[in-house]
Amino acid sequence: MKTIYLDNSATTPVRKEVLSEALPYFSEVYGNPSSFHSTGLVAKQAINKSRKIISKILNCNENEIIFTGSGTESINLAIKGVAFVELLKNKGVAKGHFITQKTEHDAVLESFEWIEKLGFDVSYINVDKHGLVNLDELKKAIRKDTLLVSIMYANNEVGTIQPLKEISKICHAQNILFHTDACQGAEYLELNVKKLGIDMMTINGSKIYAFKGSGLLYLKNGIKIEPLIHGGGHENKMRAGTENTPAIIAMAKALEIAQKENKKESVRLTKLRDYMINKIQKEISKTKLNGHPTKRLPNNVNFSFYGIEGESLLLMLNEKGIRVSTGSACSSQSLDPSHVLMAMGLEHGLAHSSTRFSFGKYTTKKDIDFTIKELKQVVKKLRAISPVWEE
Amino acid sequence: MQVEGESWFYSDIVKKHFLDPQNIVKDKKTIKDFDGYGQVGNMKCGDIMEMWIKIKEDKIIDCKWRTFGCASAIASTSMLSVMVTEKGGMKIDKALKITAQDITKRLKGLPSIKIHCSVMGDQALKYAVWDYKTKNKRDDIIMDQPKETDH
């Protein structure tokens, strides 16, 4: 059976071009980039080259890029890094205020919840029914002691794209730092940090056809954060540990290709996205599109199907070779449905029935046609046995 | 290279019951002459279960159900319906003693987080028997009135 992988927002396969670029750095150019001999220096040069490639894409200096072990790590570094500076400054007393919003990834929310335990204040801004952050509420939440605002670029579940430039203006008017989690959409969206007005930006490798266990944090020069990992002078003393050379090479290559292809690919996927949305709305009764109709990632389709529980839908599609994800509690480690959909005001039943189809570079129209055909049957089958569904 | 590994989250028997649930109601109009009805669960937790039973000579001879729920909710209720109706039907008193653990055992296990939230067929059955007991004034059936637990 053919696999139709529609879970690219969870992770992407490694592209062949990316893999072949990185392969020599496992067994041939294997030196420790910190070593002073030739074997090490070659690896160091390769990392420097990658840093240069990425800095051009982000429009920043090379020393503003910190390579990390994941998007989650970069996020932790940005948030806790700012908090720890304050802790040190105030001799261990947590003083200061942070702002984020309710549909952030758990890496952001749980980092904030943890610094709240240390004694910092955090405000969690609401979103509207489409998942867009409420800018008036953001303005009102700002205090004299607000240190950092962290708001994601695009949402991982529903694909809603936040107005980063406007948020940046609000933050910078008050001299507040602005971090964005750009793990979703780095493949398709503008990454020029100067144009966007970003102070810190998280990107990870596993969603852009590079390696899992790789990430980076853009940190604007002049901003002081404390490292989370100590033990060497790596990455401008911001992240100790021998550099993961192949993963860094892979990330640079992946971003380079994405930069070249993203305009064309965004157009192709947006067409495919809207095709699927229209077809589902036309051919399946009682559905709800989750997320913003237009301000959404080109590769994201997210629907709730009345009367159906998401995990059952996911596993029945899985039997047909189609891989999707759901916001249902049943597929999570908690017993609550997606916090993203709840923040957007969905009732429980609809949150439990939400299903995400996230496209990628290998997704074709044929895949989508097949998916819709199977989806119609599975929805019919599950509605037939549902006590909360009446024709 | 072929990578070996489990490709399913649940056991084979769970998968079988999920993909081909037994005694399931696909059309409510087909339900006639039932002796007891039970409903359990709520939308907050994401599982709602309905059950209809037929009773003859104190044995459960038919057990039909339907659900809004995850794979383990479907599979566990399917299994329960088989357990109470196999071999000519289970005596009511014995059926009332079936626990989530008994069902889980027959399914060759469920992920622990799933047992509490999704195995609710045993609860639905108690509601259905209670319905039968009160409608037919069967004071001889000894049971506590079922109460909704937080799923």
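Leaving aside neighbours within four places in sequence, which residues is Asn262(A) in contact with? I looked this up before anything else. Asn262(A) touches Glu187(A) and Tyr188(A), where contact means that the C-beta atoms, placed from the backbone, lie within 7 Å.

**Entry: ground rules**

I note that this is a predicted model, in which local features need pLDDT of at least 70, side-chain atom pairs count only at pLDDT 80 or more, and totals for chains, interfaces and linings use all residues. Residues are numbered from 1 along each chain as its sequence is written, while chains are lettered from A and ligands numbered from 1 in the order in which they are written.

For confidence, I looked up the complex and then chain B. The predictor gives the complex an ipTM of 0.91 and a pTM of 0.94. Chain B averages a pLDDT of 90, and 97% of its residues score at least 70; pLDDT is the predictor's confidence in each residue, from 0 to 100.

I placed Asn262(A) in helix H10 of chain A. Helices (H or I, at least four residues) and strands (E, at least two) are taken as DSSP runs, numbered from the N terminus. Asn262(A) counts as buried because it has 20 C-beta neighbours inside 10 Å. The cut-offs are 20 or more other C-beta atoms within 10 Å for buried, 12 or fewer for exposed, and anything in between for partly exposed, with C-beta atoms placed from the backbone. I also checked Leu189(A), which is 73 residues from Asn262(A) along the chain; their C-alpha atoms are separated by 7.8 Å.

Next I looked at the division of chain A. Domain 1 is 4-10 + 262-384 and domain 2 is 16-21 + 64-244, with bounds from an automatic or database domain assignment. Taken over C-alpha atoms, the centres of the two domains of chain A are 27 Å apart. Domain 1 of chain A puts 20 residues into the contact and domain 2 of chain A puts in 22. On the domain 1 side, H10, E10 and helix H12 (339-343) of chain A each supply at least two residues. By class, that side of domain 1 of chain A has five nonpolar, eleven polar and four charged residues. Here Ala, Val, Leu, Ile, Met, Phe, Trp, Tyr, Cys and Pro count as nonpolar, Asp, Glu, Lys and Arg as charged, and the others, Gly among them, as polar.

**Entry: a sheet of chain A**

I traced an open sheet of four strands in chain A, with the order E9-E10-E13-E12 and antiparallel pairing. Strands E9 (287-289) and E12 (325-326) of chain A each have a single partner strand, so one side of each is left without a neighbour in the sheet. Strands pair if DSSP finds at least two bridges between them; E12(A) and E13(A) (residues 354-358) have two. Ser325(A) has Arg356(A) as its bridge partner in E13(A).

Helix H10 (residues 245-283) of chain A lies across E9, E10 (300-305) and E13 of chain A, at about 15 degrees to E10(A). Axes are lines fitted to C-alpha atoms, for helices over the stretch in contact, and angles run from 0 to 180 degrees between N-to-C directions.

I then turned to helix H11 (residues 310-319) of chain A, where eight of the ten residues are buried. Among them are Glu311(A) and Ser312(A). Gly321(A) follows H11(A) and has a positive phi, near 90 degrees.

**Entry: chain B**

What is the strand order of the open sheet in chain B? I read E1-E2-E3-E4, with antiparallel pairing. E3(B) and E4(B) pair over two bridges, and Lys59(B) stands opposite Lys91(B) in E4(B). H2(B) packs on this sheet, touching E2, E3 and E4 of chain B, with its direction at about 170 degrees to that of E3(B). Helix H6 (residues 121-135) of chain B lies across E1, E2 and E3 of chain B, at about 140 degrees to E1(B).

I checked two loop residues for phi. Asn23(B) is not a glycine but has a positive phi of about 60 degrees; it sits in the loop between H1 and E1 of chain B. Asn23(B) is partly exposed, with 18 other C-beta atoms within 10 Å. Lys108(B), also not a glycine, has a positive phi of about 60 degrees, and its 11 C-beta neighbours inside 10 Å make it exposed.

**Entry: between the chains**

I find 20 residues of chain B in contact with 20 residues of chain A. E3(B) gives the most to the side of chain B that touches chain A, with three residues. That side of chain B divides into 13 nonpolar, three polar and four charged residues.

Methods: Two residues are in contact if their C-beta atoms, placed from the backbone, lie within 7 Å.
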